[in-house]
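Q: Could you walk me through the fold of this one, and then one residue in it?

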Amino acid sequence: MPHPSYKLLNIKTIPQMPTRSIAFSSYNWMGLLKHLHQMLIADAKIEEGINWSVRVPEQTSIPFSKSPIHNRINKSLSNMMIMRGDGVMMANPTLFANKLLYAPWRYDPLLVCCHPKKFNYDKMSLLLSNSQSVVVPLDIILERGNAMFHTGAFMHHYHKHQVSYDDFMQSFVQLEKVVQDYRNL
């Protein structure tokens with residue numbers, strides 16, 4: 001049964017390039033998975049501009065909660081990886097099996113699906129992730145929503161449809177709880 005606080009997913013896919021560039025590109029599985037792994041732990045939206053200084057700490061290293069914010073990894077609740085293309089059965093997704101990437105109470109948080117049929121590229125990988133990636137966008141939504149609510153912006157429209165101040169306050173509290181739950185993964 002899904003947990004009510006962990007219902008938000010994001011997708012990261014690699015490679016990302018214009019179709020006219022495909023003929024001039026060659027990828028290997030090790031390189032693709034290394035980039036996708038770094039996109040996951042550094043919470044990069046696209047392949048360009050990945051923060052390569054973010055590293056998964058060693059088990060004897062500093063606890064996640066005490067690591068500097070710019071080096072903190074994006075922890076996941078679970079991940080589903082889909083790999084398609086030539087030589088996919090030889091791909092090694094063990095980078096994504098590291099238990100330090102996941103909430104400590106998760107058992108078997110990674111599902112890997114492979115198929116040799118190409119999908120747009122000779123090789124491609126997609127990662128569907130339930131992770132802390134949602135924290136920053138939700139914080140922005142909460143900040144802007146609270147600012148608009150406290151200034152009374154558009155409230156007359158909501159009152160016209162029987163949406164009360166209490167409904168808004170309850171929604172803000174619920175969303176703050178979701179954000180805090182993801183932050184504490």
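**The sheet and one lysine**

A: In this predicted model, 4 strands form an open sheet of mixed pairing, in the order β1-β4-β2-β3; helices (H or I, at least four residues) and strands (E, at least two) are DSSP runs numbered from the N terminus, and two strands pair if DSSP finds at least two bridges between them.

Q: Which strands stand at the edges?
A: β1 (10-14) and β3 (110-115) do, and each has a single partner strand, so one side of each is left without a neighbour in the sheet.

Q: And how do β2 and β3 pair?
A: Strand β2 (residues 76-85) pairs with β3 in the parallel sense over 6 bridges, and Met 80 has Leu 111 in β3 as its bridge partner.

Q: What does helix α1 touch?
A: Helix α1 (residues 29-42) packs on the sheet, touching β1, β2 and β4 (123-131), where contact means heavy atoms within 4.5 Å.

Q: Switching to Lys 12, is it buried or exposed?
A: Lys 12, which lies in strand β1, counts as buried at 3% relative accessibility (buried means under 20% relative accessible area, exposed over 50%, partly exposed in between, with a 1.4 Å probe and protein chains only).

Q: What does its side chain reach?
A: The side chain of Lys 12 reaches the backbone oxygen of Ala 44 at 3.1 Å, and a polar contact of 3.4 Å joins it to the side chain of Asp 43; a polar contact is a pair of N or O atoms within 3.5 Å, and within protein one must be able to donate a hydrogen and the other to accept it, while residues adjacent in sequence count only if both atoms are side-chain atoms.

Conventions: Residues numbered from 1 in each chain as written. Predicted model: local features only at pLDDT ≥ 70, side-chain atom pairs only at ≥ 80, totals over all residues. Heavy atoms only, no water. Axes fitted to C-alpha atoms, helices over the stretch in contact; angles between N-to-C directions.
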